[in-house]
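User: Please account for the terms applied to this model, setting each value against its definition.

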Amino acid sequence: QQKVQQSPESLIVPEGGMASLNCTSSDRNVDYFWWYRQHSGKSPKMLMSIFSNGEKEEGRFTVHLNKASLHTSLHIRDSQPSDSALYLCAASGNNYAQGLTFGLGTRVSVFP
Amino acid sequence: GPKVLQIPSHQIIDMGQMVTLNCDPVSNHLYFYWYKQILGQQMEFLVNFYNGKVMEKSKLFKDQFSVERPDGSYFTLKIQPTALEDSAVYFCASSFRDRNTEVFFGKGTRLTVV
């Protein structure tokens, strides 16, 4: 069983629309969640991180965290074709010497 | 922003041969990682390296794998001998701390074992 589960597997969003991605960890030792974006053939790049309950907004991106359920979500408003990519959720914790544990990702396609 | 460089971007090697994947981490980072990603599957942790030593490794880090970073040179992943199931994209990453810190990734080396 995956320790970090993401849904949906893929998402098609019209340009200007809202994309909503979900991620849950089954490991109670998780402290932090990270959202990375990976364009095809490129390295994953960190978008946002969150460790406190609640919401964090940076530009068009908003991330939510519910620590009790270990669920995080990423919302992209006013989606642009350049947002088309693989979005990876990762988790880390104080007993994680291995950096990050990744989910399988959500592939987002934004069409004009 | 900070960059992790990986060389080469692609490598094709005969099964049973040795391969070395090279990584130039972010200059002031202290912790180095290798991850493996098979097409269509998740990115999986292989190994974490700090101060010249392997700190933690996963069950994917087989006995045929080794890592090192001689002073002033690349952080390397060596596979000897290679097997067909080693075909994957290998991502090098680095971070300043070992826990709850942003990890920076390279573009990956696509290894094909034939």
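Analyst: Helices (H or I, at least four residues) and strands (E, at least two) are DSSP runs, numbered from the N terminus. By that numbering, Asn51(B) is placed in the loop between strand 5 (43-50) and strand 6 (53-57) of chain B. The model is predicted, so local features need pLDDT of at least 70 and side-chain atom pairs pLDDT 80 or more, whereas totals for chains, interfaces and linings use all residues. Residues are numbered from 1 along each chain as its sequence is written, chains are lettered from A and ligands numbered from 1 in the order in which they are written, and side-chain values use heavy atoms, without hydrogens and water.

User: Why is Asn51(B) called exposed?

Analyst: A residue is buried under 20% relative accessible area, exposed over 50% and partly exposed in between (1.4 Å probe, protein chains only). Asn51(B) has a relative accessible area of 60%, so the term exposed applies. Phi of Asn51(B) is near 55°, a positive value in a residue other than glycine.

User: What makes Leu70(A) a buried residue, and which residues is Leu70(A) in contact with?

Analyst: With a relative accessible area of 4%, Leu70(A) falls under the 20% limit and is therefore buried. Its place is the loop between strand 7 (61-66) and strand 8 (71-76) of chain A, and phi is positive, about 50°, although the residue is not a glycine. Contact means heavy atoms within 4.5 Å. With neighbours within four places in sequence left aside, the contacts of Leu70(A) are Cys23(A), Thr24(A), Ser25(A), Asp27(A), Arg28(A), Val30(A) and Phe33(A).

User: How do you know that Lys3(A) and Asp27(A) form a salt bridge?

Analyst: A salt bridge is a side-chain nitrogen of Lys or Arg within 4 Å of a carboxyl oxygen of Asp or Glu. The closest N and O atoms of Lys3(A) and Asp27(A) are 3.8 Å apart, so the pair qualifies. Distant parts of the chain are linked here: Lys3(A) is in the segment before strand 1 (4-7) of chain A, and Asp27(A), 24 residues away, is in the loop between strand 3 (19-25) and strand 4 (30-38) of chain A. Lys3(A) is partly exposed because its relative accessibility is 44%, while Asp27(A) is buried because its value is 10%.

User: Why is the pair of Arg60(A) and Asp83(A) counted as a salt bridge?

Analyst: The N to O distance is 2.8 Å, which meets the 4 Å criterion, so the pair is counted. This pair, too, links distant parts of the chain. Arg60(A) lies in the loop between strand 6 (54-58) and strand 7 of chain A, and Asp83(A), 23 residues away, in the loop between strand 8 and strand 9 (85-93) of chain A. Arg60(A) is partly exposed at 22%, whereas Asp83(A), at 1%, is buried.

User: What does the salt bridge of Lys62(B) and Asp86(B) tie together?

Analyst: The side chains of Lys62(B) and Asp86(B) meet at 2.9 Å, N to O. Lys62(B) lies in the loop between strand 6 and strand 7 (65-68) of chain B and Asp86(B) in the loop between strand 8 and strand 9 of chain B, so parts 24 residues apart in sequence are tied together. Lys62(B) is partly exposed at 24%, and Asp86(B) is buried at 0%. In chain A, salt bridges that share partners join Arg37(A), Arg60(A) and Asp83(A) into one network.

User: How many salt bridges does the structure hold over all chains, and what is the count between chain A and chain B?

Analyst: Over all chains there are five; between chain A and chain B the count is zero. The two chains do meet: 23 residues of chain A are in contact with 20 residues of chain B. Buried area is the accessible area (1.4 Å probe) that two parts lose on being put together, summed over both. Between chain A and chain B that area is about 1,900 Å², with 50% from carbon and sulfur atoms.

User: Which peptide bonds to Pro8(B) and Pro81(B) are described, and where do these residues lie?

Analyst: The bond from Ile7(B) to Pro8(B) is cis, with omega near -5°; Pro8(B) lies in the loop between strand 1 (5-7) and strand 2 (10-13) of chain B. A cis bond, with omega about -5°, also joins Gln80(B) and Pro81(B), and Pro81(B) lies in the loop between strand 8 (75-79) and strand 9 of chain B.
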